Amino acid sequence: MFNADAKIVQRMVPLMQRVMIVDPQPAGARLIGELMRDIARSQVWVAETNEKAIRLAGSYDPHIIFAEMGPGAVDGIAFTRELRRSHLSARYAPVIMVTGQATAAGILAARDGGVHEFLRKPFTMKDLLRRLEAVTLRQRDWVEAVDYVGPDRRRFNSGDYQGSLKRRSDARETPDSERLAQALKILRSAIVAVASDPVQAMRSMQAQVVDLRKCGMSVADLKLTTAAIDFGRVLDEAERKGVPYDQAMLTEKAATLLAYMPKEDAVAA
């Protein structure tokens with residue numbers, strides 16, 4: 001069945017061993033399940049509601065999730081948002097949104113909900129393989145903001161491209177300058193959100209500390225690297241002591257980092 005693409009499929013197989021399908025319709029879930037067993041001998045779990053899907057995600061930590069868009073017993077976008085903001089290991093799992101009613105608005109809503117790829121029904125095996133390759137071999141940067149958690153939306157392509165199944169050159173990592181600017185903007189917004197959403201704000205700040213430290217090391221900027229490490233220690237200390245997050249204090253402690261904000265972004269603030 002795979003012939004010329006056998007080597008690519010072989011690379012994908014270890015990343016598709018546990019699959020969850022969130023779909024209230026048995027026929028649709030059965031079709032995807034059978035295809036995944038044929039492709040990768042995957043273990044497959046099916047959830048007929050969002051609530052069951054979250055429970056199964058916590059129990060089985062799926063490698064890949066297929067979610068029906070809804071509306072109905074399953075709302076794939078709402079499920080994805082809940083999963084991304086949870087503390088489950090599966091929160092990072094690629095989500096492929098499946099629907100028979102694909103619209104521009106629906107695709108954008110799925111993207112903004114944290115979905116990795118979009119699969120339109122009816123689909124061919126080639127369509128499915130493209131999406132699977134996109135989420136296993138062409139992974140995108142992860143964004144941990146306050147209002148959005150999921151893969152980098154700037155790299156969203158929904159698998160809709162022409163040509164043979166192969167890796168694409170447009171999946172390059174985000175350049176250091178772009179990554180630095182994004183991390184600083186997210187950090188600034190997370191500091192502002194500490195009073196309204198302290199849990200996600202803290203998780204977001206901690207994620208930006210990691211990104212900023214990597215940026216500093218990548219460009220050999222000792223000041224940036226040190227500032228990121230120091231701010232990370234401030235967050236760790238506050239979390240360990242259970243001290244309420246104070247926006248003014250965090251802004252002061254992050255001043256050295258925020259000074260790296262591009263001028264246009266600093267002015268916009």
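This is a predicted model: local features need pLDDT of at least 70, side-chain atom pairs count only at pLDDT 80 or more; totals for chains, interfaces and linings use all residues.
The protein chain contains 12 helices and 7 strands. Of its 269 residues, 47% are buried, a term that denotes under 20% relative accessible area, with exposed meaning over 50% and partly exposed lying in between (1.4 Å probe, protein chains only).

Residues are numbered from 1 along each chain as its sequence is written, and side-chain values use heavy atoms, with hydrogens and water left out. Local features need pLDDT of at least 70 and side-chain atom pairs count only at pLDDT 80 or more, whereas totals for chains, interfaces and linings use all residues.

**Strand 1 and its partners**

- Strand 1 runs parallel to strand 2 (residues 43-47), to which 5 bridges join it; two strands are taken to pair if DSSP finds at least two bridges between them.
- Within this pairing, R18 is placed opposite Q43 of strand 2.
- Strand 1 also pairs with strand 3 (residues 64-68), again in the parallel sense, over 4 bridges.
- A right-handed β-α-β unit is formed by strand 1, helix 2 (residues 26-40) and strand 2; right-handed here means that, with the strands pointing away from the viewer, the path from the first strand over the helix to the second runs clockwise.

**Backbone features in loops**

- A cis peptide bond links K121 to P122, with omega near -5 degrees.
- P122 belongs to the loop between strand 5 (117-120) and helix 6 (125-136).
- R41 is not a glycine, yet it has a positive phi of about 55 degrees.
- R41 is located in the loop between helix 2 and strand 2, and its relative accessible area of 75% makes it exposed.
- A220, also not a glycine, has a positive phi of about 60 degrees.
- The loop between helix 8 (198-218) and helix 9 (222-241) holds A220, which is exposed at 68% relative accessibility.

**Surroundings of L187**

- L187 lies in helix 7 (residues 176-192) and is buried, with a relative accessible area of 1%.
- Beyond its neighbours within four places in sequence, L187 is in contact with M205, Q208, L212, F231, A254, L257 and L258, contact being defined as heavy atoms within 4.5 Å.
- L187 and L212 are separated by 25 residues in sequence and by 9.8 Å in space, C-alpha to C-alpha.

- Of the contacts in the protein chain between residues at least 6 apart in sequence, 69% join residues at least 24 apart.
- The accessible surface of the protein chain is about 13500 Å², and carbon and sulfur atoms account for 52% of it; areas follow the Shrake-Rupley method with a 1.4 Å probe, and for residues only the protein chains shown count as cover.

- The structure holds 1 cavity of 30 Å³ or more; a cavity is a set of points, on a 1 Å grid over the protein atoms alone, where a 1.4 Å probe fits but cannot get out.
- The largest cavity has a volume of about 30 Å³, a volume being the space filled by probe spheres set on the points, which are joined across faces, edges and corners.
- H116, E117, A134, V135, R138, Q139 and R140 line the largest cavity, lining residues being those with an atom within 4 Å of a point.

Technical notes. Helices (H or I, at least four residues) and strands (E, at least two) are DSSP runs, numbered from the N terminus. On a 1 Å grid over the protein atoms alone, a cavity is a set of points where a 1.4 Å probe fits but cannot get out, and a pocket is an open set with protein on both sides within 12 Å along at least five of seven lines; lining residues have an atom within 4 Å of a point.
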